[in-house]
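I opened the model to look up how parts of one chain meet. My entries follow the structure.

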Amino acid sequence: MRFTINGRLHEVEPDIRTSLLDLCREHLGLTGPKKGCDHGQCGACTILVNGRRVNSCLSLAVMHQEDEIVTIEGLGEPGSLHPMQQAFLHHDGYQCGYCTPGQICSAVGMLDEIAKGWPSHASTDLEQVSLDDAEISERMSGNLCRCAAYPNIVDAIREVAGADARTGSDVGA
Amino acid sequence: MFGLGKSHTNSLRMDAPQPTSLLDIGAQNVIGKPLDRYEGPLKVSGRALYSAEYVFPDMAYGVLVGARRGAGRVVSIDAEAVTSLPGVIDVVTDFKTFIRNPGQGGETEAPTQGVEEIVYFGQVIAIVLAESYEAARDAAIRLPVEYEEAAGRFDFAAHKHETDVPPENNTPAHFGQGDLDQAMAEAAFTVDASFTTPSQNSAAMEPHASVAMWDEDRLTLYGSYQIPTKDAMQLADALGVGKDQVRIVSHFVGGGFGSKLGIAPETTAAAIAAKRLGRPVKAVMLRQQVFDATVRRSNTEQRIRLAADAHGRLIGIGHETLTSNLPGEDYFEPAGIGTHFLYPGEHRLITHDQVRLNLVLSGSMRAPGEAVGMLALETAMDMLAEQMAIDPVELRRRNEPLLDPEKNVPYSSRSLRECLDLGAQTFGWDARETRPAQRREGEWLIGMGMAAAARSNLLQSEEAKVRIEPSGRAVIETAMTDIGTGTYSVLSQIAGELLGLDPRSVDVRLGDSDMPASGGSGGSWGACGSGSAVYLACEELRRQLAKTLGVEPGAMTLKDGLAIAQNKSMPLAELVGDGIEAMGAISPGKQKDAVTQASYGAHFAEVAVNAVTGEVRVRRMLGVFAAGRILNEKTARSQCLGGMTFGIGAALTEELLHDGRTGKLVNRDLAEYHIPVNADVPQLEVLFVAERDQHSNPLHAKGLGELGISGAGAAITNAIYNACGVRVRDYPLTLDKILPGLPDL
Ligand code: FES
Ligand code: FES
């Protein structure tokens with residue numbers, strides 16, 4: 001089967017049991033995507049498949065014929081970081097760094113969902129989705145961070161999104 | 001490793017205060033600055049390599065097998081039933097050598113070994129090796145194991161009256177002074193309340209992992225560990241080989257929070273399998289195995305007694321605790337540790353008793369002791385303030401002791417009062433309703449709460465080597481780790497300040513047990529200890545540079561790679577010839593007992609409690625902390641955010657549940673064990689109070705990594721009470737416990 005990862009064409013014959021995550025980590029030398037749970041519970045393995053964020057541990061490699069896949073390595077590298085990577089660096093949106101590749105891929109995919117106008121549980125107006133802190137937190141809640149860089153992650157994403165208004169939580173409002 | 005030539009060691013035992021710090025006279029002006037993380041570009045680009053990510057030719061995959069009984073014995077393992085499966089190489093076990101319980105933090109001897117006897121559900125008994133991960137996993141699931149089951153002790157409630165007194169660890173198990181009963185009888189105000197906290201799991205995002213390989217008789221193990229120096233000693237002892245035959249490498253650690261202080265079962269399994277196969281072996285614990293077979297924070301039952309005079313000044317304080325651990329294990333959760341020194345009171349009783357249970361090992365998790373002890377103590381303080389009808393901040397102000405109430409020695413530094421005042425003012429504390437359930441917004445009841453924070457400051461023996469290369473760059477080597485704490489950054493800043501270098505001209509090499517010995521990451525001692533060792537090495541290098549220049553060190557300024565003295569400046573590169581190097585070594589001394597050392601802080605929280613469902617949302621939270629000199633404001637703040645968020649989890653969601661019949665952990669994954677997610681955590685705020693501590697170390701800094709969790713959960717508990725008038729003392733405060741007490745709609 002064939003697909004591209006980070007713009008490079010790969011032709012492989014994976015074990016049918018191999019997850020997309022293990023294909024990256026164990027077979028293609030792409031260890032940027034992390035394994036935190038292998039059960040779709042933590043988001044550390046988040047990568048972009050045809051532009052959409054997915055938990056790569058929940059997807060079998062053989063399901064990705066002809067897909068375009070982007071991992072954290074494909075977003076940027078030291079010296080030429082992606083704006084989201086740069087913002088995480090600047091805002092200290094990580095500590096141990098283990099959840100970080102997943103957080104960053106998820107954030108990139110998430111902003112695209114906002115741009116497309118997809119609402120979330122936190123959206124107050126389903127027609128006109130705006131990006132406030134509650135939206136960011138809600139949409140990033142599939143990516144766990146035990147170091148708990150959450151406030152800094154929100155700051156980083158807000159900066160990249162260009163949303164300047166710092167809004168509070170809407171809970172109980 | 002560099003340093004074949006001998007390097008001078010600059011040693012310091014902390015027997016006396018250090019009134020001056022070179023960090024105050026450095027000219028580079030980088031210490032404390034909120035610099036981006038040194039290793040950040042590697043982490044945000046996915047290039048930082050964690051232990052499971054090292055690849056070696058001919059490496060075999062190992063998947064661990066855990067016992068499916070809670071107590072008993074392994075009768076047989078039918079390896080042949082799986083070795084014929086495609087790709088499967090072998091099933092390896094060693095009933096004597098495999099470790100049964102993980103190692104405790106700071107130990108240098110092997111943890112309890114021997115896995116034929118089963119003492120807790122999930123105990124690792126074998127490892128299945130295969131050419132691929134998929135094949136190994138498949139075989140591990142299928143592997144037939146025959147057990148002989150025995151009766152076990154699984155239920156805390158059923159056994160809590162059968163206790164023993166564990167040996168002293170970093171706090172005595174039992175301490176008494178004066179007559180607390182008498183004080184309670186005579187006090188103007190008293191509180192006598194019991195609290196329970198459940199077992200918890202560190203749940204670091206990176207599962208424990210080891211890649212083991214032997215070169216002749218020497219083992220190199222890439223492992224995710226917090227203290228490589230001591231973990232290598234634990235592992236060598238477990239394997240029955242010499243200390244210098246084991247090397248542990250942990251360049252990046254995906255979070256630890258105590259769970260990676262000592263070696264976990266995958267280390268011996270990988271090492272033994274690699275030896276048997278004659279191939280490198282990679283063994284990564286499944287998330288469920290991390291829950292089953294690493295460490296938990298013990299559950300606790302705590303009774304707090306407070307006796308106060310008419311002015312609210314404490315005359316007596318009691319903190320009696322019950323915790324649990326496996327039979328034969330010395331460690332106990334020191335829940336009363338902060339109570340020893342936080343508040344005054346002549347009459348004191350602080351006890352820890354242990355209940356023996358067949359549940360996975362209990363050990364250190366972030367802020368062992370204070371994290372759960374303060375949930376009880378600081379809630380009781382809130383109850384006392386309410387009873388006296390005084391502001392809880394004011395109650396703490398009235399209970400600022402001048403001397404340690406037990407040891408009668410001064411505090412090395414203590415800025416709790418400043419934290420309380422700055423916090424109250426910044427948070428808008430005066431807007432708090434003094435009576436509960438007064439503020440309502442739609443269906444949400446809004447309340448504010450606060451709590452004090454305290455965490456003992458500890459120092460370990462630490463060594464570091466620093467070299468100035470012929471190029472003028474500096475290189476630091478120590479076995480210390482960075483588990484997300486900012487070690488790479490702060491060490492580069494300390495050396496940068498003292499050697500007059502941009503921190504980016506400093507190479508920091510960490511996490512290798514072949515490097516100078518370190519107490520590692522744990523107990524909030526990492527930055528101060530390893531930072532002091534780097535400081536001392538740099539102090540010696542400054543002397544050498546000054547000598548070459550023919551001046552006193554004090555007459556020399558180092559800045560931007562130049563040494564400036566007597567109106568001349570010279571690049572370091574020219575001064576050091578073939579390079580110069582020095583070792584720094586710090587160790588604890590008399591200062592440990594001459595003064596009481598701790599970091600302090602104050603938490604303020606605003607919560608919304610749903611008047612219909614009892615759901616709690618944290619709306620705002622502020623932590624104000626004083627921990628001596630802050631070495632990097634950005635990474636320090638992040639440490640506090642992390643601690644405070646652990647506090648949110650402890651207060652509201654985190655709880656390990658064991659099946660009372662087998663001890664099996666029921667919620668052994670990240671879907672069922674609820675750590676806070678992004679939407680549970682508001683934009684927390686952190687402030688630091690300027691402070692220096694000359695008693696702690698030459699950096700004048702104190703520990704910070706665990707301070708943020710201490711008291712954080714209690715601030716939330718107290719805010720919930722203020723919001724809705726319900727005081728639950730059985731953690732976590734889930735909505736089912738709050739609902740019955742809610743005021744009528
Ligand atoms: S590893 Fe895929 S969600 Fe956790
Ligand atoms: S940075 Fe450590 S888990 Fe997120």
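I counted polar contacts between domain 1 of chain B and domain 3 of chain B in this predicted model and got eight residue pairs, both residues at pLDDT 80 or more. A polar contact here is a pair of N or O atoms within 3.5 Å; within protein, one must be able to donate a hydrogen and the other to accept it, and residues adjacent in sequence count only if both atoms are side-chain atoms.

I then asked which elements of chain B supply at least two residues each to the side of domain 1 that touches domain 3. They are strand 1 (8–14), helix 12 (487–499) and helix 13 (526–549). Helices (H or I, at least four residues) and strands (E, at least two) are DSSP runs, numbered from the N terminus. Helix 13 of chain B gives the largest share of that side, five residues.

I noted two salt bridges between domain 1 of chain B and domain 3 of chain B (side-chain nitrogen of Lys or Arg within 4 Å of a carboxyl oxygen of Asp or Glu). I also looked up B:Arg692, which forms a salt bridge with B:Asp24, with 3.8 Å between the closest N and O atoms.

I put the centres of domain 1 of chain B and domain 3 of chain B, over C-alpha atoms, at 36 Å apart. The domain bounds come from an automatic or database domain assignment.

On method, I note that the model is predicted, local features need pLDDT of at least 70, side-chain atom pairs count only at pLDDT 80 or more, and totals for chains, interfaces and linings use all residues. Residues are numbered from 1 along each chain as its sequence is written, chains are lettered from A and ligands numbered from 1 in the order in which they are written, and side-chain values use heavy atoms, with hydrogens and water left out.
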